[in-house]
Amino acid sequence: MNNLILLFLLSFIQFMIDISMFPCSIHGLLLLYFHHIVNIYIYIGGILFNPLYHILFLLFTILHWITNDNKCFLTEYTNSICYPEVKGYKQFNDFIKMIGYQDKYPNISYYVLSILIGYDLVKIRN
């Protein structure tokens, strides 16, 4: 139960910072918060929960990005609800984006997920 609380708390912190930078319409707030939960699960799900399920989720995520022109369908949908005025693809504003690494290293998400897959594999093996 503590792991779930940590997941929701970190998601909420990231969500609050995000909406302070990029306010979302009232209609999209729950969707945006859900997106932050998914994002935080991607980053720490293997530490907090079952690493096998986490590695499968990461592999699905990478496959999805590759087959969707390096775009996330959840980001696209969230953008259409929260930021309909934005033309083009607005990257998801997570901690990596907030501190500027996503702009400096555009493929950093693939590297982070690769490291997390390695972590999960080690954890599964042990």
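Visitor: Leaving aside neighbours within four places in sequence, which residues is T61 in contact with, and what makes that a contact?

Guide: T61 is in contact with I42 and L113 once its neighbours within four places in sequence are left aside, where contact means heavy atoms within 4.5 Å. Please keep in mind that this is a predicted model, in which local features need pLDDT of at least 70 and side-chain atom pairs count only at pLDDT 80 or more, while totals for chains, interfaces and linings use all residues. Residues are numbered from 1 along each chain as its sequence is written, and side-chain values use heavy atoms, with hydrogens and water left out.

Visitor: Why is T61 called buried?

Guide: Buried means under 20% relative accessible area, exposed means over 50%, and partly exposed is in between (1.4 Å probe, protein chains only). T61 has a relative accessible area of 9%, so T61 is buried.

Visitor: Where is T61, and which backbone oxygen lies 2.8 Å from a polar atom of its side chain?

Guide: T61 has its place in helix α3, residues 51-67, where a helix is a DSSP run of H or I with at least four residues, a strand is a run of E with at least two, and both are numbered from the N terminus. The oxygen belongs to the backbone of F57.

Visitor: How many helices and strands are there in the protein chain?

Guide: There are seven helices and zero strands, and the pattern read along the sequence is α-α-α-α-α-α-α. The radius of gyration of the protein chain is 15 Å, close to the 14 Å that the globule rule gives for 126 residues, so the chain is as compact as a globular protein of that length. This radius is taken over C-alpha atoms, and the rule is 2.2 Å times the number of residues to the power 0.38. Of the 126 residues, 41% count as buried.

Visitor: Why is D18 said to be buried?

Guide: D18 has a relative accessible area of 1%, so by the same cut-off of under 20% it is buried. D18 has its place in helix α1, residues 2-21, and, not counting residues up to four places away in sequence, D18 touches L32, H36, Y83, N93 and M98.

Visitor: What makes L48 buried, and what does L48 touch?

Guide: L48 lies in helix α2, residues 29-48, and its relative accessible area is 13%, so L48 is buried. Not counting residues up to four places away in sequence, L48 touches N3, L6 and L7. The C-alpha atoms of L48 and F95, 47 residues apart along the chain, are separated by 18 Å.

Visitor: What is the phi of D69, and what is the phi of N70?

Guide: Most residues other than glycine have a negative phi. Phi of D69 is near 55°, a positive value in a residue other than glycine, and N70 has a positive phi of about 60° although it is not a glycine.

Conventions: Polar contact = N/O pair within 3.5 Å; in protein donor to acceptor, adjacent residues only side chain to side chain.
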